[in-house]
Amino acid sequence: MNARKTWLAALATASVAAMALTGCAGGSKPADENSLEMWHNSTTGPGKAYWDEVAAAYEEETGVTVTMVSVQNEDMDGKLQTASNSGDMPDVFMSRGGGKLADFVDAGVVKDLTDLISDEAHTAFGDAAFAALQVEGKTYGMPVAVLPQGMFYSQDLFDEAGIAEEPATMDELNDAVSKLKDAGISPVALGAKAAWPAAHWYYGFALRACSEDTMQNISVTHDFSDPCWLEAGEELVSFAATEPFNEGFLTTDAQEGAGSSAGLLANHKAGMELMGGWNAGVIADLTPDGEPLADLGWFPLPAVDGGAGDPSAMMGGVDGYSCSADSSSACEDFLDFIAKAEWQEKYAEAYNAIPASKEAQAAVTDPLLQEMMAAYNEAGYMVQWLDTLLGQNVGNALNAAVVETLAGSGDAQSIVDAAEQAAARG
Amino acid sequence: MTETATLLAPAGAARRAPARGDWRKRGEIALLAGPAIVVFVVFVILPVVMAAFYGFFKWKGFGFPDDFIGLENYISIFKDPTFRSAVGHNFFIVIASLVLQGPLAILFALLMNQKMRGRSLIRVLIFVPYVISEVVVGTGWSLMLQDVGALNSFLGKIGLDALAQSWIADPKIAMGTLMFIISWKYIGFAVILMLAGLQSIPEELYEAASIDGASFWQTQWRITLPLLGPTIRIWAFLSIIGSLQLFDLVNIIWGQYVAATAGTSTMATYMYLNGHLAGNYGFGNAVAVVLFLISLVVALVYQRFALNRDTAGALTGDGGRKKR
Amino acid sequence: MTTTATAIRAVRRRRGTTHTAGPWVYLMATILVAICIGPVLYIIIGGFRTNSQITQDPSGWPAPWVFSNYGDVLVSSEFWLAMGNSTISAGVTTLGTVVLGVMASYVIARYDFLGKGAMYSLFAAGLMFPATVAITPLYLLIRNLGLVNSLAGVILPQIAFALPTTIIILVPFLRAIPKELEEAASIDGTGRLGFFWRMVIPLSLPGVITVAILCFVTTWNGYILPLFILSDESLFTLPLGVQNFASQYSVDTARVLAYTSLSMIPALIFFSLFEKRIVGGLTGAVKG
């Protein structure tokens, strides 16, 4: 009797184990000449469709299969990190430059593309676009879109408040804020819950207050002793003191659906928002009819008196794609493929964004995008998002400190202190 | 009461000396406990040990860590006032959870163990908050409790504008909001554990009590509650550990950055903010180890004072019946 | 014999006390249920609105009622595929956890041996480390076992993570079975394993059902493990499937509310099927 029970128990254990292990194993990827794996962050919609189209076209032309994997934006970093640790890096992956890319380069998991990018791409894009994806002078990625920062606003609400012209200086902006308040409209939508939207205001003020050299070198020096950094903090504090932000901005999301700052703008519950170039698309998703907001306007960040920065300078990001260190040569061929004008134009359409390729930019018809492009092309210089430039460690600390200051438990000095402490630690 | 008293009197657990068949006993232990131990060690203990190992390095998350800094991470953690306040929040949550959920769950389990119509339906409905994933709970409550969210909007509609608060961001009430949401989510868990525990109480005890003329509440107080003791202590243990590890709810409703200003940061959100988000994975792992050690100490203290009674077999009914 | 048997059956029906619930109990129950269900209803009804509606009037009724959110989810193949994957994942994990957990708890509860305390502490300690941090080394391990991107690679760690709670809950249940039964069984010649098979499992049913429910629900909602281990979309479980409704920058809140309202239904069904079985235990075990 006993033996039978023992045997039955063992059988039960064994069958559970066997059942669990019958899943087919996924092995690691060899650097295959004939296939590529690519990670991008469009999980749905025209963006995803675009990449599927690219993959099909590339396969037709070259015979190389491209497997597209879409990863949610927030999860991308985590997954890339685990993948890099286990040698499972995708061949092509999304990268945005700055400190994060530098970390990848340090770890030796990105391919140096300086000599591998085609000349056509170089001429089509110009040097500025590549600058964002360079580390110590070497290029590590192919840009696909340029996303400059600016003020998105609702023309209807501006009319209602009696604001005649787009503000070009901080004084005019403050004026617009009080007019909106008088008309009972929340002047500025701010999604401070995620910290970076709030930090964008600080970056903007820093861009105006600091000289070009200070800004560009900060990623290398991590030295915040220049008084312009404190000055930027003080501008932020005095702007925040006018209470321009929507009620409850500390717990407002930036782009996550209903109740986010983009949603506020889309539903005419706030007058304007300082945000990057992708905002038009986000707002379009959140309007009552799901169509792009008809009265959406855009103007560049206003000039600030007495700053050392060029008043026409812009801050923005560059979306690009990099190759993993052990990918085959098919990778850079693929990157050259998507840099072609034809695919850049389609990208611009799918993502409602400014393509990196100057040739493709001519094909953009959206008036809002055209305004952004005009400002971009006339800008004295462009600086990358400060938190990307500074890298995760310092960038994250900076963002957190800005939120604390806006919440009233910090001041201009504490922002600089936090950045310095993080730099010392990192 | 004599019947009941006899039934309750603990008879010392009669230990039988392991007779011959010592090897067979060892074989049985290996066979029964073996698979669980193997799976557990491989998939939990090993990764945890490795993660703890990373805590001694300054590591950006790529490749094998090579910047050994010993206890530096740990020292910075203890020096950081933000961490200390997070620990304070955690302990408040531990106590508040026990106080808020425990009595309510016990009361409810006792009351619902009677005959009543719709009992099954009520149990299912109370359990629903536990079934919903934390992510959705966070999103839903966010929408409801935002400054311009459903609750404030509703208060405005019925003219109680004055009661509208900044439920999430105001440091004075944020913790209260958090405790309400936690209790809401986990009360079902507590009730279901209590209900299961109630099933182990032998029917005869109730009969004996009613023969002796005890009222409903007397029965609950003298018989049910003491016998529910082990279950309550187990629930409390799980609740304490869960409170110390709290992350998802706070992260989704408050976001990592606002949690500190609103006074609801926890050790786990601190770990996420300063580890994962800052790209300092070595530091993050060190915080995880500290969180583990704190939980361990709390668990040991709890074992010593609360769970030891059960190991002695006093009130679990282990050998508690005398044949007459 | 028959009289005793009838008496046992009669007693069994009046579980708990001979007391029937009074009106106060119903009142309290109603209040508790209202508090529990209120927010859930908000989530469910939110699925019938658009994002814009939610922003403009947070506490209003759907105006108009939008059925496309629920409709689109119900007809999307990804939803049903994810539901299938979730069912397999949660089902096999629960089965594995219960089997392994009951066996291990039995050993800890009723055997006497050196290292018993250590075994219990080993499992309890597993609860105390935040799982999110162990994910990188765990991923490496899964990859080395060749199980990455498969449901097995998700199920095995899930079983391991569910074991501590399971064992902690089951040990007192198993301990509560009277020694006399075990002695009686051994007199009958069945030995410890036979006792386990024939008496322990039926008698500890309340505990077993409880841990099964808890394991199923936790696994059903788990997203970190599947997120890191699965990259093939056809293997995604329900929590990952939400991705389909979050675009590159934004989230379709209303659709997510609809999606998650639908996702919780199987777990609720599982619960309501099994909660009725959290009865029995020692009823009549000792009499005669």
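Set aside neighbours within four places in sequence, and B:Trp254 touches A:Lys193, B:Ile168, B:Ala174, B:Leu178, B:Leu249, B:Ala259, B:Ala262 and B:Thr264, where contact means heavy atoms within 4.5 Å.

A note before you start: this is a predicted model, where local features need pLDDT of at least 70 and side-chain atom pairs count only at pLDDT 80 or more, while totals for chains, interfaces and linings use all residues. Residues are numbered from 1 along each chain as its sequence is written, chains are lettered from A and ligands numbered from 1 in the order in which they are written, and side-chain values use heavy atoms, leaving out hydrogens and water.

**Exercise 1.** Work out what chain B is built from.

*Solution.* 
- Step 1: count the elements. Chain B has 13 helices and 0 strands (DSSP runs, H or I of at least four residues for helices, E of at least two for strands, numbered from the N terminus).
- Step 2: check burial. Of the 324 residues in chain B, 59% are buried (under 20% relative accessible area, with exposed over 50% and partly exposed in between, using a 1.4 Å probe and protein chains only).
- Step 3: look at sequence distance. Take the chain B contacts between residues at least 6 apart in sequence: 70% of them join residues at least 24 apart.

**Exercise 2.** Find the largest nonpolar core and say where its residues come from.

*Solution.* 
- Step 1: know the term. A nonpolar core is a set of buried Ala, Val, Leu, Ile, Met, Phe, Trp, Tyr and Cys residues joined through side-chain atoms within 4.5 Å.
- Step 2: The largest core has 199 residues, and B:Ile126, B:Phe127 and B:Trp254 have the most contacts inside it.
- Step 3: trace the source. Helix α8 (residues 171-199) of chain B gives this core its largest share, 17 residues.
- Step 4: look for another. A second, separate core of 150 residues includes A:Tyr202, A:Cys331, A:Ile338 and A:Trp385.

**Exercise 3.** Describe how chain B meets chain C.

*Solution.* 
- Step 1: count residues. Chain B brings 100 residues to the contact and chain C brings 102 residues.
- Step 2: get the area. The two chains bury about 9,400 Å² between them, 75% of it on carbon and sulfur atoms (accessible area, 1.4 Å probe, lost when two parts are put together, summed over both).
- Step 3: pick out residues. On the chain B side, B:Leu32, B:Phe43 and B:Gln199 lose the most area to chain C, together 8% of what that side buries.
- Step 4: look for charges. The count is 1 salt bridge (a side-chain nitrogen of Lys or Arg within 4 Å of a carboxyl oxygen of Asp or Glu). B:Lys157 pairs with C:Asp57, with the closest N and O atoms 3.2 Å apart.
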